[in-house]
Amino acid sequence: MERPRRNRSSSAIRALLAESDLLPRHLIAPLFVKEGEGHEPITSLPGISRFSIDLAVEEARRLFQKGIQAVDLFPVIPLEKKDPQGSEALRKGNLLLRTVDAIRNRVPDMCVMVDVALDPYTSHGHDGLLDAHHRILNDATVERLAEMSVLAAEAGAHVVAPSDMMDGRVKEIRKALDQSNFTDVSILSYAAKYASAFYGPFRDALGSQLQFGDKKSYQLDPANRREALRESLLDQAEGADMLLIKPALPYLDVIAEVKKHTVLPVGAYHVSGEYAMVMAAAQNGWIDGPKALYESLISIRRAGADFIVTYAAEQVMDYVLKSHD
Ligand code: PBG
């Protein structure tokens, strides 16, 4: 009789035979930065705050000491600075650019990534410029994204991460970076980003709720897998250095599929709603939060993700260390 349970008979054997692992080096922590001083907890993302620049630096330093060596930055733009074109995105010395500079100077070994998209800056909350009929102007948007990427590189970003889902943006961003001599700055492309309900708490965090319409003309239909592969292969051909699938848990099949067909590193974004659901249940005492978050992340690794962007980075690493005590 086959007795597979022998391979699960002690904690030591289980550790020896584990097929996937989750280490601090696999994780990227998103950080929300705001103008002014202090920090503001985000109600729909328990445990996560918007930080002033100096506190974001402290947070980055703390994470780095725990082995989390990459952060992905998102700026919270006050309403009065938003407009339909998202002009603030292209202003030298804006909040995001100052944050990049501060972290680079004060936590020099941290890998600094920035999300490149217009939605934190646009009054309507869309990722693109719009015409009079509210249609997305793809190519004009791409030009802006390329300019934003060069500004981020000038401020010291190591990686730019376009999260907009416009066509052709990886190629134009690469061209713009190279022309400005930023040949060493990487592109982490959100290659397959779905039109998802799981971004809700993130939009609360940034105040970037849509004022009309939806994002279905640019983000992917949750019904589709082959389309994600097409987008991923296109981004690879256009010069992306790494690909990202987003959200993560509802799309484990997509992660596995893309991983099979590319030689690039493939990451996953365990998004705000995925984190918030667990935290809400944990706050009610209905679920063990750290355990459920660990299980989420190890499943994403098992599906094939090389790295994970997650709000649970620190919490899960604390849990992993404790369970090995
Ligand atoms: C914006 C962007 C979004 C997220 C990352 N970048 C939201 C959106 O597309 O509406 C979501 C991240 C999360 O939910 O954690 N381009």
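**The ligand and its surroundings**

Author: Q219 places a polar side-chain atom 3.0 Å from an oxygen atom of the ligand. The model is a predicted one, in which local features need pLDDT of at least 70 and side-chain atom pairs pLDDT 80 or more, while totals for chains, interfaces and linings use all residues. Numbering runs from 1 along each chain as its sequence is written, and side-chain values use heavy atoms, without hydrogens or water.

An N or O atom in the side chain of S163 is 2.8 Å from a ligand nitrogen, and a polar side-chain atom of D119 is 3.1 Å from a nitrogen atom of the ligand. The protein buries 100% of the 400 Å² that the ligand exposes when taken alone (Shrake-Rupley areas, 1.4 Å probe).

The ligand sits in the largest cavity. A cavity is a set of points on a 1 Å grid over the protein atoms alone where a 1.4 Å probe fits but cannot get out; sitting in it takes more than half of the molecule's atoms within 2 Å of its grid points. There are 18 residues around the ligand (a heavy atom within 4 Å). The closest of them are K193, R203, K246, S272 and Y311. Sorted by class, this shell holds eight nonpolar, three polar and seven charged residues (charged: Asp, Glu, Lys, Arg; nonpolar: Ala, Val, Leu, Ile, Met, Phe, Trp, Tyr, Cys, Pro; polar: the others, Gly among them).

Strand β7 covers residues 186-193 and contains S189. Because its relative accessible area is 0%, S189 is buried (under 20%; exposed is over 50%, partly exposed in between). The side chain of S189 makes a polar contact of 2.4 Å with that of D235 (N or O atoms within 3.5 Å, one able to donate a hydrogen and the other to accept it).

M165 has a phi of about 70° and is located in the loop between β6 (159-162) and α5 (169-179). M165 has a relative accessible area of 4%, so it counts as buried. H134 has phi near 65°, and its loop runs between β5 (111-116) and α4 (138-155). At 46% relative accessibility, H134 is therefore partly exposed.

Helix α5 includes Q179, which is exposed because its relative accessible area is 62%. Along the chain, Q179 and V150 are 29 residues apart, with their C-alpha atoms separated by 9.5 Å.

Finally, P78 occupies the loop between β4 (70-75) and α3 (95-106). Its relative accessibility is 25%, so P78 counts as partly exposed. From P78 to S232 the sequence separation is 154 residues, and the C-alpha to C-alpha distance is 34 Å.

Key: 1 Å grid on protein atoms, 1.4 Å probe; cavity = no way out; pocket = protein on both sides within 12 Å on 5 of 7 lines; lining within 4 Å. Helix = DSSP H or I, 4+ residues; strand = E, 2+ residues; numbered from the N terminus. Buried < 20%, exposed > 50% of the residue type's maximum accessible area, 1.4 Å probe, protein only.
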